[in-house]
Amino acid sequence: MTVRTTVVVATAAVALTAGFAAPAMAAGAGDGGHDATRKAVRAAVRDGVPGVTLTAKDGGSTWSTTAGVGNLRTHAPRSADDRYRVGSITKTFVSTVLLQLEAEGRLSLDDTVERWLPGVVHGNGHDGSRITVRQLLNHTSGIFNYTADETFGRTYFLKDGFLEHRYDTKTPEQLVAIAMAHQPNFAPGTSWKYSNTNYVVAGMLIQKVTGRPYGEEVRHRVIDPLHLTATSVPGTRVTVPQPSSRAYSKLARTATGPTYDVTRLNPSLASSSGEMISDSADLDRFYAALLKGRLLPPRQLKEMKTTVTVEGIPNTRYGLGLIDRELSCGVHVWGHDGGIHGSNSVAVTTADGRHSVAFNFNGDWSGDTDAVVEAEFCGE
């Protein structure tokens with residue numbers, strides 16, 4: 001079962017009406033044992049996803065496939081080179097930077113939030129002096145998830161609010177303040193609950209330690225060294241660079257009703273919890289490099305892969321911005337998934353970094369991402 005790491009509200013629509021389902025148009029090159037994956041991608045389109053793009057790498061071979069459409073109006077197909085909003089996959093990039101800073105001796109995972117950001121995590125029972133950097137990164141801090149705030153949800157995830165506010169700029173401080181208006185989920189270190197606020201604070205930490213915005217550090221430390229030419233930290237830029245497809249959402253609490261083009265939005269509402277843009281090939285390269293130890297020293301990579309139980313979701317554990325899933329065939333894959341308006345993405349790799357897959361659905365209410373991962377690694 002997928003860990004839901006989207007920044008969209010949990011009440012978003014979960015299926016697409018058949019009237020909007022485009023005929024499946026799949027394109028694959030060099031299948032080489034990926035037949036089950038191709039079928040799973042086509043099944044997602046039959047289930048209502050407008051279009052899918054996927055790239056897998058296994059050893060020295062690369063295989064891509066697409067299905068469905070990237071534009072419901074023109075029926076243009078999706079491309080294997082499509083760039084898309086990756087949502088909470090951003091969290092792995094942020095965690096990588098913080099662990100690099102720890103390796104450099106510039107902070108400790110045991111440092112408190114209060115030490116670096118005095119007064120930021122405070123109010124209604126929140127206490128940054130009791131929360132460590134490690135607890136932010138593995139979601140054991142108990143900090144309330146700002147995207148679960150009802151007013152925020154109505155304003156940015158439902159039709160009337162989104163269409164009026166899609167270009168609003170939100171600062172990290174404003175997002176954290178929304179969370180501080182609520183009580184924490186639990187005392188720090190006593191349980192696990194996914195919270196986007198944790199990674200907004202993590203981005204603020206990077207800026208405090210380095211003196212530069214987290215996005216600049218991600219570019220300097222990860223994007224540029226790995227030559228991730230399709231990957232970017234957009235900040236307040238509302239467009240997705242070409243080549244790319246349109247992104248679609250119901251912007252509703254039900255699966256019925258109109259489908260809206262939500263491609264253009266100000267991603268500051270996600271900040272360092274989920275604003276980044278990438279493509280499947282770049283995500284494969286990033287996670288493979290990470291698991292192979294090219295981005296972190298052994299001690300920090302071990303910390304990142306030290307996991308805690310994800311309550312209520314079997315065979316899944318959470319590390320420091322990194323999810324460990326045991327698939328039905330016994331294979332463990334490491335990575336992250338992420339959703340943001342009109343975009344549902346997954347990127348995972350084996351522990352040795354040899355076999356990776358990354359893909360995107362350009363609709364946020366339908367399709368089984370777990371089935372695609374199972375197909376790629378288990379052949380079913």
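This is a predicted model: local features need pLDDT of at least 70, side-chain atom pairs count only at pLDDT 80 or more; totals for chains, interfaces and linings use all residues.

User: How is empty space found?

Analyst: Rolling a probe the size of a water molecule over the atoms shows where empty space is left. On a 1 Å grid over the protein atoms alone, a cavity is a set of points where a 1.4 Å probe fits but cannot get out, while a pocket is an open set with protein on both sides within 12 Å along at least five of seven lines. Lining residues have an atom within 4 Å of a point. Points are joined across faces, edges and corners, and a volume is the space filled by probe spheres set on them.

User: Which residues lie nearest the centre of the second largest pocket?

Analyst: They are Pro172, Gln207, Pro213, Tyr214 and Ser271, out of 23 lining residues. This pocket holds about 350 Å³ of space. Helix H8 (196–210) is among the elements giving two or more residues to its lining, and H8 gives the most, with five. Helices here are DSSP runs (H or I, at least four residues) and strands are too (E, at least two), numbered from the N terminus.

User: How many cavities of 30 Å³ or more does the structure hold?

Analyst: Two. The largest cavity has a volume of about 110 Å³, and strand S4 (residues 83–85) gives the largest share of its lining, three residues.

Terms used. Residues are numbered from 1 along each chain as its sequence is written. Side-chain values use heavy atoms; hydrogens and water are left out.
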